[in-house]
Amino acid sequence: MEKVMKKRTLVFALLLLLLSAVSYAAVTIYQNQTTEKGIAVVIAEGVEIGRYPLNRDREEMLKYENGGYNILTIQHGEAQITEASCPDKICVYHRPISKNGQSIVCLPNELIIEIQNAPQAEIDAVTN
């Protein structure tokens, strides 16, 4: 009788340990999916006009009162301007951004796209 009780206690303890490990893994995966990629904060003419999570692919047409526009595209955890009405198109040629603090600026349309709440950008450094 005592051996059966020890086996049940051992099985119960192992099941409890397994359940705890699965729960921890699920919470960790959920947190990484929802916060790891960050948010693209859109500021036009000094006013925040939108916040878009980088973990969801989307395309946003950003229109301005002066008739100008930018198209913000978020794909694969990166944000970029894929089309713009500005004459120089510097914002369109900018590489996609995904790290905390990175930004894309369109001066003619007074637009700033900035990444927040994401992993820090890697620092380029020259080493000896």
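A salt bridge is defined here as a side-chain nitrogen of Lys or Arg within 4 Å of a carboxyl oxygen of Asp or Glu. The model is predicted: local features need pLDDT of at least 70, side-chain atom pairs count only at pLDDT 80 or more, and totals for chains, interfaces and linings use all residues. Residues are numbered from 1 along each chain as its sequence is written, and side-chain values use heavy atoms, with hydrogens and water left out.

One joins the side chains of Glu 48 and Arg 51, at 2.8 Å from N to O. Glu 48 is partly exposed, with 42% relative accessibility. Arg 51 is also partly exposed, at 40%. Residues are classed as buried under 20% relative accessible area, exposed over 50%, and partly exposed in between (1.4 Å probe, protein chains only). Another salt bridge links the side chains of Arg 58 and Glu 60, again at 2.8 Å from N to O. Arg 58 has a relative accessibility of 24% and counts as partly exposed.

The protein contains 2 helices and 7 strands. These are DSSP runs numbered from the N terminus (helices: H or I, at least four residues; strands: E, at least two). Their order along the sequence is α-β-β-β-β-β-α-β-β.

Three-stranded pairing defines an open sheet, in the order 3-4-5, and the pairing is antiparallel. Strand 3 (58-63) and strand 5 are the edge strands, each pairing on one side only. From one strand to the next, the twist averages 25 degrees (axes are lines fitted to C-alpha atoms; angles run from 0 to 180 degrees between N-to-C directions). Strands count as paired if DSSP finds at least two bridges between them. Strands 4 and 5 are joined by 6 bridges. Gln 75 has Glu 78, in strand 5, as its bridge partner.

Of the 128 residues, 26% are buried. The largest nonpolar core has 20 residues. Such a core is a set of buried Ala, Val, Leu, Ile, Met, Phe, Trp, Tyr and Cys residues joined through side-chain atoms within 4.5 Å. Leu 62, Leu 72, Ala 79, Ile 81, Leu 111 and Ile 113 touch the most other members. Strands 1 (39-44), 4 (69-75), 5 (78-84), 6 (103-106) and 7 (111-116) each give two or more residues to this core. Ile 81 touches residues including Leu 72, Cys 91, Ile 104 and Leu 111, not counting residues up to four places away in sequence. Contact means heavy atoms within 4.5 Å.
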